[in-house]
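Dear colleague,

I am handing over the structure we spoke about, with some notes on what I found in it. Please read them with the model open beside you.

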Amino acid sequence: MDTNPMLDIKERAVALLRRFYGYTSFRPLQLDIITSAAERRDSVVLMPTGGGKSICYQIPALLAEGGVTLVVSPLIALMKDQVTALAANGIPAAAVNSMQTEEENRHILNQLFTGRIKILYISPERLLTEIEHWSRDLPLSLIAIDEAHCISQWGHDFRPSYTQLARLKEIYPSVPIMALTATADRLTRDDIAAQLRLSDPALFIGSFDRPNISLRVINDPGRQRRLGYIAELIDRYRHDSGIVYCISRKAAESINEALCGMGYRSVVYHAGLSVAERNLAQDKFINGDVQVVCATVAFGMGIDKSNIRWVVHNNMPRNIESYYQEIGRAGRDGVKAEATMFYSYGDIITLQGFVDESGQQAINAEKLKRMQEYAEASLCRRRILLSYFNETMDHDCGNCDVCLNPPQHIDGSIIALKALSAIVRVSGNVGFSMLIDILRGASRQDLIDKGYHLIKTYGAGRDLSYREWNSYLSQLIQLGLIDIAYNEGNHLKITPYGARVLRERLPVTLAMYKEPERRKSSRGKKVVEKEAELKPAERLLNELKEVRVKLARKEQVPPYIVFSDKVLLELVRTEPTDMEAFARVEGVGEKKTVKYWKPFVTAIRKFKGIAEPLGTGLSHDETLLLLNAGYDVKGIAATKGIKESTVYQHIVSLIRQDKLTDFSSIITKEQYVRVMTLAREDPEGMWEKLNKEMPYGLPQVALAVSDFLLRSKQK
Ligand code: ADP
Ligand code: ZN
């Protein structure tokens with residue numbers, strides 16, 4: 001059984017990982033973190049979203065013989081999801097929060113220490129009130145504090161209620177605390193440990209690299225092209241979903257309307273909606289009823305959906321932390337995902353306005369600058385991101401637009417000259433788009449009203465498109481030749497360096513503008529690929545997704561709770577055609593094997609043209625699988641939803657078929673001897689007596705064991 005003291009923590013942890021999650025190995029750091037918790041040491045864990053933090057406190061909860069692991073989280077919406085996911089894997093968990101009735105909450109709290117709940121999710125506010133009534137020697141195995149950066153004013157998401165969590169160490173000095181976060185710079189990290197009063201915590205810093213997410217930044221190609229780009233993504237991942245992040249509610253509404261108008265299933269999400277509207281939108285997204293959500297930054301906290309395949313930033317985010325967190329919502333299952341960001345000077349101007357209004361101007365301005373540098377980079381973007389998080393990477397990633405499509409350089413001296421002299425001629429009184437219009441000789445009314453059509457450089461840049469000018473002007477700003485006067489209506493000004501370039505005709509090198517590549521589908525006309533045109537693997541994947549959706553509907557859970565995309569891909573790769581093969585698939589734990597193997601294996605067999613039906617006696621095999629996995633008879637009965645006596649019947653026939661040869665966990669020596677004695681002494685009355693003394697069905701097991709022992713002697 002899994003509590004055999006002979007196995008050490010590490011072996012037991014691996015066994016639990018296989019049994020409950022169906023994973024074969026831990027990711028880097030996970031086992032160290034688990035061990036440190038099992039040794040009752042405090043810890044601070046930094047890992048990116050999708051890095052696998054949950055397992056770090058869930059496995060210690062399972063390792064603990066008794067007691068409860070508390071998980072403090074501000075994300076109430078996420079709790080339900082986590083509890084459902086745990087239950088789907090056979091782990092008893094519950095949540096206490098304001099989304100449930102007080103009656104439900106009380107009920108859970110009342111049975112908290114009866115051993116029926118291993119993991120409790122609770123909001124910080126609620127925990128702080130409850131804890132005052134709890135006895136000081138409750139069996140708490142661990143307190144995990146998720147989103148721990150909320151405790152620090154340095155972080156980007158400070159929550160005052162978190163600071164009260166310092167009480168935990170006062171009340172339960174010997175209960176280990178694990179503080180977890182996806183974003184924390186050094187300052188925040190130290191602050192977390194100090195504020196929680198952790199004693200000599202172990203520090204674990206995971207890699208922030210998410211190599212499965214491809215990175216791309218596109219200099220604003222205009223609204224129509226952005227929409228076209230998003231439409232292509234939806235088409236390409238038509239069974240999956242994505243997020244479009246927008247800078248404002250208005251922008252989110254407008255993109256949503258456009259996408260709906262093109263016939264896509266889209267919803268909008270922002271803080272201006274009512275709670276009910278927001279919940280509805282979120283549920284639709286989680287359940288896969290819509291393909292895309294157009295949202296502001298308000299969306300995403302509490303989204304644990306593992307099969308988000310793409311994220312588009314319709315506008316540049318305000319800092320790299322937010323950007324990284326938002327793109328990190330894609331591809332949490334580790335399967336290929338895409339992150340694309342559009343950015344324009346309009347965004348930067350808007351964001352600059354936010355900075356000026358914010359409380360911490362200097363810090364926020366610096367953060368915005370770093371974000372902009374990322375957007376404008378001509379180096380591997382992943383290297384820039386990782387270095388922002390103080391992680392070094394010694395090679396280019398090969399999965400970002402810069403790596404895949406290195407910029408070509410051109411002599412930009414003439415371009416610079418035209419732009420700079422145009423600025424001089426309008427005395428630095430125009431903004432970004434007006435300058436382009438002047439250079440391109442556009443006939444906009446306000447341009448003519450101001451008399452700009454009369455200056456010498458009017459139309460001097462006609463040979464370049466608006467998008468080309470957009471790119472080159474941006475580069476001239478990056479190069480420090482031009483500056484944006486945020487305090488003067490965002491007008492473009494020549495810097496002293498720009499003035500020198502103009503005066504001395506210094507050479508300027510620019511990265512050649514490239515049209516963003518267009519993919520085959522086009523806006524409005526959705527390509528409905530015929531199933532026959534798909535590769536076989538894609539066809540099977542689609543079939544398995546259908547199976548998943550049906551099961552999810554039946555159980556009223558989101559599809560990814562049944563299986564993540566990654567598991568479906570593994571099923572496509574390995575094509576298991578029986579239960580045993582199914583059970584071996586990465587990401588398939590025991591509970592899910594028993595629950596789901598039939599529908600999936602049936603679909604795979606049908607796909608492979610295996611005509612013969614699934615054999616009989618399957619239920620016995622399931623029982624055998626669970627026995628081998630360490631379940632006892634009670635557990636098997638509960639997992640399969642059958643009577644214990646039926647499980648004993650299975651055991652009897654498994655023993656008869658020589659499939660089961662270790663009975664130690666099923667019947668004790670005393671029980672066996674008792675049955676055999678009565679069988680000798682009182683064959684008539686034995687059943688009546690035995691049925692009172694031991695579970696119904698167990699005496700038959702004893703007889704089968706006895707036959708088995710005889711058979712083995714004869715061999
Ligand atoms: P986080 O909380 O850090 O954002 P999660 O705990 O939700 O990340 O994990 C992200 C995904 O990675 C989940 O689908 C999880 O099941 C998977 N995962 C975690 N640990 C492992 C592992 N050792 N092997 C395979 N998959 C894992
Ligand atoms: Zn790269």
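Of the 715 residues in the chain, 54% are buried, and please keep in mind throughout that this is a predicted model. The chain contains 33 helices and 17 strands, and its C-alpha trace spans about 120 × 65 × 45 Å along the principal axes.

Ligand 1 is surrounded by 15 residues, of which Tyr23, Gly50, Lys53, Ser54 and Arg332 are the closest. From the backbone, an N or O atom of Gly52 lies 3.1 Å from an oxygen atom of ligand 1. Taken alone, ligand 1 would expose 570 Å², and the protein buries 83% of that.

Turning to charged side chains, side chains of opposite charge can pair when their charged atoms come close. The structure holds 33 salt bridges, and I describe a few of them here. One of them joins Lys169 and Asp42, whose closest N and O atoms are 3.1 Å apart. This pair links distant parts of the chain, with Lys169 in helix α8 (residues 167-171) and Asp42 in the loop between α2 (30-38) and β1 (43-46), 127 residues apart. Lys169 counts as buried because its relative accessibility is 12%, and Asp42 is buried as well, with a relative accessible area of 3%.

A salt bridge also connects the side chains of Glu130 and Arg106, at 3.2 Å from N to O. Glu130 belongs to helix α6 (residues 124-131) and Arg106 to helix α5 (residues 102-110), so this pair ties together parts that are 24 residues apart in sequence. Here Glu130 is buried, at 6% relative accessible area, whereas Arg106 is partly exposed, at 34%. Both residues take part in a network of salt bridges that links Glu102, Arg106, Arg126 and Glu130.

In a further pair, Asp682 forms a salt bridge with Lys689, and the closest N and O atoms are 2.8 Å apart. Asp682 is buried, with a relative accessible area of 19%, and Lys689 is partly exposed, with 38%.

Glu376, in the loop between α15 (361-375) and α16 (381-388), deserves a separate look. Glu376 is buried yet has no salt bridge, and the nearest side chain of opposite charge, that of Arg381, is 9.0 Å away. The side chain of Glu376 does make a polar contact with the side chain of Tyr343, at 3.5 Å.

Lastly, Val588 is found in the loop between α26 (579-584) and α27 (590-607), and this residue counts as buried because its relative accessible area is 3%. Val588 and Pro201 are separated by 387 residues in sequence and by 34 Å in space, C-alpha to C-alpha.

Definitions and conventions:
Residues numbered from 1 in each chain as written. Chains lettered and ligands numbered in written order. Predicted model: local features only at pLDDT ≥ 70, side-chain atom pairs only at ≥ 80, totals over all residues. Heavy atoms only, no water. Near = heavy atom within 4 Å. Polar contact = N/O pair within 3.5 Å; in protein donor to acceptor, adjacent residues only side chain to side chain. Areas by Shrake-Rupley, 256 points an atom, 1.4 Å probe, with all protein chains shown as cover. Helix = DSSP H or I, 4+ residues; strand = E, 2+ residues; numbered from the N terminus. Buried < 20%, exposed > 50% of the residue type's maximum accessible area, 1.4 Å probe, protein only. Lys, Arg positive; Asp, Glu negative; His and termini not counted. Salt bridge = Lys/Arg side-chain N within 4 Å of Asp/Glu carboxyl O.
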